[in-house]
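Let us take a walk through this structure together. Have the sequence and the 3D view open as you read.

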Amino acid sequence: MSKKTGEVILDLQSISLRFGGVKALTDISFDVREHEIRAIIGPNGAGKSSMLNVINGVYHPQEGVIIFRGQERKRMEPHQAATQGIARTFQNIALFKGMSVLDNIMTGRITRMKASFIEHALWLGRAKREELEHRKKVEEVIDFLEIQHIRRIPVGRLPYGLQKRVELGRALAAEPSMLLLDEPMAGMNVEEKQDMCRFILDVNDQFGTTIVLIEHDMGVVMDISDRVVVLDYGKKIGDGLPDDVKNNEDVITAYLGVSH
Amino acid sequence: MLYREAGQFKTSYAADQQLFPIRQDRIGILILLAVVFLVIPGVAGDYWFSAILIPFLIFSLAALGLNILTGYAGQLSLGSAAFMAVGAYAAYNFQLRIDGIPILVSFVCAGLTAAGIGILFGLPSLWIKGFYLAVATLAAQFFIVWCLTKFPWLSNYSSSGVISTQPLIIFGHAFTSPQEKYLLVLTIVAVMALAAKNMVRSSTGRAWMAVRDMDVAASVIGIRLMPVKLLAFAVSSFYCGVAGALYAFCYLGSVEPDGFSLDMSFRILFMIIIGGVGSILGSFLGAAFILLLPVFLDIALPWAARLLGLPFSSATVSHIQVLVFGALIMFFLIVEPHGLARLWQITKEKLRLWPFPH
């Protein structure tokens with residue numbers, strides 16, 4: 001790919017994460033550069049989702065250092081990661097089922113809304129103004145993802161592919177500098193996958209958002225990502241350009257097994 | 001044909017986000033307000049005011065409070081009556097102990113007192129959820145009622161904790177007749193309902209609903225769970241507290257701690273379940289159903305029995321009344337588990353297309 005990737009903005013150094021006696025991640029180090037699409041791949045249970053959970057503060061690793069934008073952080077709560085500009089989607093859709101598409105995406109901008117509940121109750125100047133300003137931004141996201149026709153529908157009633165798209169919308173509404181996508185294309189048909197790929201590439205291209213992506217569809221991964229990390233049983237077994245990873249012995253063994 | 005929004009184009013987000021975006025709804029609500037503020041005070045009798053309308057409004061407010069906590073923020077609570085008791089006793093004590101405090105100020109202070117205690121009993125919600133939280137709020141129910149009986153200072157050393165409320169005087173005008181009390185309660189309830197609606201349609205409400213629907217996702221997009229949950233407890237208890245103060249001052253005139261029993265908390269919970277969990281309108285519909293249906297059956301059943309010539313004694317009729325009431329609750333829950341508010345919404349959607357099927 002010809003596009004320029006920038007400085008390292010996220011640096012993970014020897015991360016280890018345990019749940020009791022289970023080692024989810026062991027001594028994993030890799031970095032993410034600005035503007036790149038970084039894929040994390042690996043067989044089921046390799047620790048990919050745990051890795052994302054470590055990055056945005058849902059899990060706290062026992063060992064290791066995380067440096068985000070030059071700042072080392074020890075222990076961080078998810079909402080702090082959100083205010084620093086890290087947004088994410090989930091493997092199993094985690095939308096707010098009882099709310100409309102519009103409200104779900106509006107919720108994505110919550111860290112930028114400053115009015116207090118008393119201003120909301122009285123519907124005073126700032127509360128009203130904020131609703132309108134952020135609505136405008138949210139409508140841009142809705143236009144971008146081409147979901148204008150469903151904005152009033154409660155997300156629980158939408159088909160799976162659209163729910164995935166709305167979830168991406170909620171993450172985008174926060175205008176994140178880094179976007180973590182956990183299997184954004186799982187369970188989609190070819191057409192939906194193509195749409196989703198296009199959105200991911202457009203987000204990366206137009207907004208300059210750095211993307212960390214977990215995906216099982218190797219065709220997609222090799223096509224859109226700039227660099228790939230391969231995990232297996234909580235250990236890193238490969239890291240590099242898509243083509244290098246494809247030909248890596250360990251990776252082939254992990255995916256296909258060894259011939260006896 | 002009557003309820004169609006075709007031709008009403010929105011050209012700004014402000015127009016799209018207003019309280020009632022559809023013109024027919026705006027006209028409807030204006031008519032409703034005109035009726036309850038201008039027509040009803042002229043035509044209803046004292047019995048209607050003091051036995052039906054005032055308690056209906058007060059319980060609607062309490063149900064609204066519980067709906068904010070349970071329906072919007074998803075925190076199940078069984079302590080609503082106790083927070084009403086806090087409001088009633090706090091308003092009484094503010095009136096008693098602070099010279100010349102205006103009655104409305106003491107109502108607000110009563111709400112704030114209830115809010116403070118609500119936050120305290122909301123703390124367990126930071127660690128436990130669902131039914132386990134409901135059990136924790138049961139503690140509030142029993143503890144508060146016990147406190148009010150145990151510490152005679154709170155009821156100014158009256159026997160068995162009974163308090164008789166001070167006269168309702170606002171700006172030198174004494175609210176004594178049921179009609180005046182009705183208008184006072186109506187105004188307070190209308191203002192608080194509007195405030196609640198504003199909260200739930202803004203980011204405060206979205207944060208509550210986000211916590212209700214998926215708390216992990218809520219925290220990942222930047223919502224801090226602790227303040228959001230505690231705010232829901234505070235606002236909910238504030239509403240219940242004001243409802244309690246009105247219950248004592250405008251409805252009964254004298255109350256005792258045991259009046260605010262678990263039974264009453266359950267009735268408020270039933271109101272929001274029947275009316276619609278997570279709906280402002282539902283709180284009113286549910287209160288109407290639970291409070292007014294028995295009154296209606298009281299009148300309708302003996303009349304029906306006479307009409308059909310059935311030899312029912314009045315005791316039998318009151319048994320049948322309980323049966324019919326229970327059956328109707330079950331019927332509504334089976335037909336529409338999301339409550340009367342959902343039925344109303346479906347009706348509106350149907351009306352938009354009527355008389356065409358699609």
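**A sheet, a helix and two serines**

With 10 C-beta neighbours inside 10 Å, Ser160(B) counts as exposed, because 12 or fewer such neighbours is the cut-off. Keep in mind that the model is a predicted one. You will find Ser160(B) in chain B, in the loop between helix H6 (130-150) and strand E1 (163-164). Its backbone deserves a look too: phi of Ser160(B) is positive, about 50 degrees, although the residue is not a glycine. Most residues other than glycine have a negative phi.

In chain A, 4 strands form an open, antiparallel sheet in the order E2-E1-E4-E5. Strand E2 (22-33) and strand E5 (71-73) of chain A are the edges, each pairing on one side only. On average, neighbouring strands of this sheet are turned by 20 degrees against each other, direction ignored.

Let us zoom in on one pair. E1(A) and E2(A) run antiparallel and are joined by 8 bridges. Here Phe19(A) stands opposite Val22(A) in E2(A). Helix H1 (residues 48-55) of chain A packs on the sheet, touching E1 and E2 of chain A. The direction of helix H1 of chain A makes about 115 degrees with that of E1(A).

Key. Residues are numbered from 1 along each chain as its sequence is written. Chains are lettered from A and ligands numbered from 1 in the order in which they are written. This is a predicted model: local features need pLDDT of at least 70, side-chain atom pairs count only at pLDDT 80 or more; totals for chains, interfaces and linings use all residues. A residue is buried if 20 or more other C-beta atoms lie within 10 Å of its own, exposed if 12 or fewer, and partly exposed in between; C-beta atoms are placed from the backbone. Two strands pair if DSSP finds at least two bridges between them. Axes are lines fitted to C-alpha atoms, for helices over the stretch in contact, and angles run from 0 to 180 degrees between N-to-C directions. Two residues are in contact if their C-beta atoms, placed from the backbone, lie within 7 Å.
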